[in-house]
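Visitor: I have just opened this entry and would like to go through it with you. Shall we begin?
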Amino acid sequence: MEKLPPALRVLDDNGNDITNISYGEAEDDVARSFNIFNDSPEPLEWEIVTTAEWIKSVSKTKGELKAGGTQVVVVTINRNLLLSGTNKTTLHVVSDNGSKQLPLNATNSKKLPTQETTIARLTFPVSKEDKFAVTVTGLATGSTYFVRAYAKNSSGVAYSTNEVSFTPTTVLPDVMKERYSNQSVAGGTVTLNATIVDAGDPEYTERGFVYGMVHNPNIEDDTKKIAPGKGTGAYSVNLIGLEMGNIYYVRAYAINEQGTAYGDEITLDFNPVMPTGRTLAVSDLTATSAKFNGDIIAKGYPAFTEKGFVYGTMPIPTLDDVSATSVVVSGTTTGEYIAAVSNLTTETTYYVRAYAKTETEIQYGEVKAFFPSAPAFVIIKELNLMVQTKELGSFYWKDGERACENYHHG
């Protein structure tokens with residue numbers, strides 16, 4: 001027997017096996033993609049493990065692939081964390097049917113800065129206060145500063161006995177997602193809302209939303225929508241052109257010198273869900289009128305905008321049938337609803353269906369048949385006559401009228 005090769009493969013966009021991934025020297029060269037392929041007749045579970053600090057993000061770190069399935073993975077690096085020269089690491093792609101060790105390397109051509117010592121003196125107006133303070137601006141991010149207080153008089157300069165040090169650092173802005181609203185599946189639109197909790201240090205220069213059809217969308221690989229404004233607080237954008245039948249993943253973001261901060265991911269489902277309803281039995285039936293009864297169990301998504309009944313003499317009436325008649329019932333809530341109809345033709349079989357209409361489709365309930373007919377008794381007015389027949393049964397006098405008992409046919 002011949003042992004089958006492992007099912008897990010790592011391929012490029014042309015279907016060729018990848019042996020390593022290299023990033024160039026350009027500052028904007030930060031993303032590479034590859035494909036995980038299940039080359040077996042059975043499902044495969046996989047996971048990606050990496051340890052390098054300069055790997056900023058991996059678009060998807062684990063999942064399951066059906067036989068012949070492919071998963072696109074995007075690896076993004078942070079060039080600010082690269083050491084001078086060539087940086088190497090290994091991406092471990094493991095599964096329950098084969099593994100792949102994928103070498104990654106990235107080159108940092110920047111020269112390390114030469115450390116210089118700079119001394120600056122800050123003066124403060126003389127006052128009687130024991131404590132004083134001064135604000136310093138223009139400090140270099142990442143540089144270490146040492147500080148001593150001093151006081152000067154005619155005898156000389158006195159310095160504080162203690163020395164303090166500090167290193168200015170940048171702080172990413174804090175983005176918190178809130179919600180989405182005004183979603184129209186048929187129109188392909190939605191309003192996205194988020195809040196900047198912390199503007200970062202230095203303050204962010206761009207904010208907005210990024211979206212795509214893969215989990216954890218990022219501004220390098222997916223579509224972004226910039227929101228104007230600055231500072232903390234809420235902001236919103238309107239998305240248009242989204243396609244029905246797709247599922248989109250969205251994250252709020254804000255960018256400063258430190259990098260990009262993302263909010264939590266939200267999911268936008270643009271798959272329509274039809275409302276659920278049923279046709280109930282026809283009631284209050286007479287020779288020319290009836291009462292229709294329906295029930296909306298679930299509104300659907302997007303929610304239905306119209307409900308009612310359609311009826312006619314054909315077995316399956318529809319709103320598009322010119323021979324059928326529709327009755328619209330006001331309201332867009334769930335629950336039972338009714339409609340009274342008249343001017344029906346006696347001794348004719350009718351068919352009725354409840355319906356609920358959305359922006360895109362119509363959902364019908366089951367068909368109910370009904371038969372308007374004459375009443376089951378009559379009153380006959382006659383004077384001074386007593387009749388008894390086998391077909392009509394017996395009659396009796398009452399106040400000049402004669403009523404029919406055991407009447408069989410109107």
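Visitor: Where does Val134 lie?
Guide: In this predicted model, Val134 lies in the loop between strand E9 (100-108) and strand E10 (145-147).

Visitor: And why does Val134 count as partly exposed?
Guide: The relative accessibility of Val134 is 48%, so the residue counts as partly exposed; that class runs between the buried limit of 20% and the exposed limit of 50%.

Visitor: Which residues make the nonpolar surface patch?
Guide: Val134, Val136, Leu139, Val147, Val164 and Phe166 make a nonpolar surface patch of about 430 Å².

Visitor: Back to E9, then. Which strand do 9 bridges join to E9?
Guide: That is strand E8 (residues 85-95), which runs antiparallel to E9 and is joined to it by 9 bridges. Within this pairing, Thr90 has Pro103 in E9 as its bridge partner.

Visitor: How many residues are between E8 and E9 in the hairpin?
Guide: There are 4 residues between E8 and E9 in this hairpin, and Gly98 in the turn has a positive phi of about 110 degrees.

Visitor: Do tell me about E2 as well: is its pairing with E9 parallel or antiparallel?
Guide: E2 and E9 pair in the parallel sense, over 3 bridges.

Visitor: What follows E2? Where is Val30, for instance?
Guide: Val30 is found in the loop between strand E2 (21-23) and E3. With a relative accessibility of 15%, Val30 counts as buried. The C-alpha atoms of Val30 and Asn78 are separated by 6.9 Å, although these residues are 48 residues apart along the chain.

Visitor: Which strand do 7 bridges join to E3?
Guide: Strand E7 (residues 70-77) is joined to strand E3 (residues 31-38) by 7 bridges, and the two run antiparallel. Phe34, for example, has Val73 in E7 as its bridge partner.

Visitor: In what order do the 4 strands form the open sheet?
Guide: The order is E1-E3-E7-E5, and the pairing is antiparallel. Strand E1 (8-11) and strand E5 (55-58) each have a single partner strand and stand at the edges, so one side of each is left without a neighbour in the sheet. From one strand to the next, the twist averages 25 degrees.

Visitor: Changing topic: how many aromatic pairs does the count come to?
Guide: The count comes to 9 aromatic pairs. Among them is the pair of Tyr248 and Phe270, which is edge-to-face, with 5.8 Å centre to centre and 90 degrees between the planes.

Visitor: Which parts does that pair tie together?
Guide: Tyr248 lies in strand E19 (residues 247-256), and Phe270 lies in the loop between strand E21 (266-269) and strand E22 (276-283), so the pair ties together parts that are 22 residues apart in sequence. Both Tyr248 and Phe270 are buried.

Visitor: Why is the pair of Phe309 and Tyr337 tilted?
Guide: The ring centres of Phe309 and Tyr337 are 5.0 Å apart and the planes are at 40 degrees, so this pair is tilted; the tilted class covers angles between the stacked limit of 30 degrees and the edge-to-face limit of 60. Phe309 belongs to strand E24 (residues 306-312) and Tyr337 to strand E26 (residues 335-341), so the pair ties together parts that are 28 residues apart in sequence.

Visitor: Are those two buried or exposed?
Guide: Both Phe309 and Tyr337 are buried.

Visitor: Lastly, which residues form the aromatic cluster?
Guide: Phe309 and Tyr337 form one aromatic cluster with Phe292, Tyr311, Tyr350 and Phe370.

Notes
Residues numbered from 1 in each chain as written. Predicted model: local features only at pLDDT ≥ 70, side-chain atom pairs only at ≥ 80, totals over all residues. Heavy atoms only, no water. Patch = residues over 30% accessible without salt bridge, like charges linked within 9 Å, V, L, I, M, F, W, Y side chains within 5 Å. Areas by Shrake-Rupley, 256 points an atom, 1.4 Å probe, with all protein chains shown as cover. Salt bridge = Lys/Arg side-chain N within 4 Å of Asp/Glu carboxyl O. Buried < 20%, exposed > 50% of the residue type's maximum accessible area, 1.4 Å probe, protein only. Pairing = 2+ DSSP bridges. Axes fitted to C-alpha atoms, helices over the stretch in contact; angles between N-to-C directions. Phe/Tyr/Trp six-rings, centres within 6.5 Å; stacked < 30°, edge-to-face > 60°.
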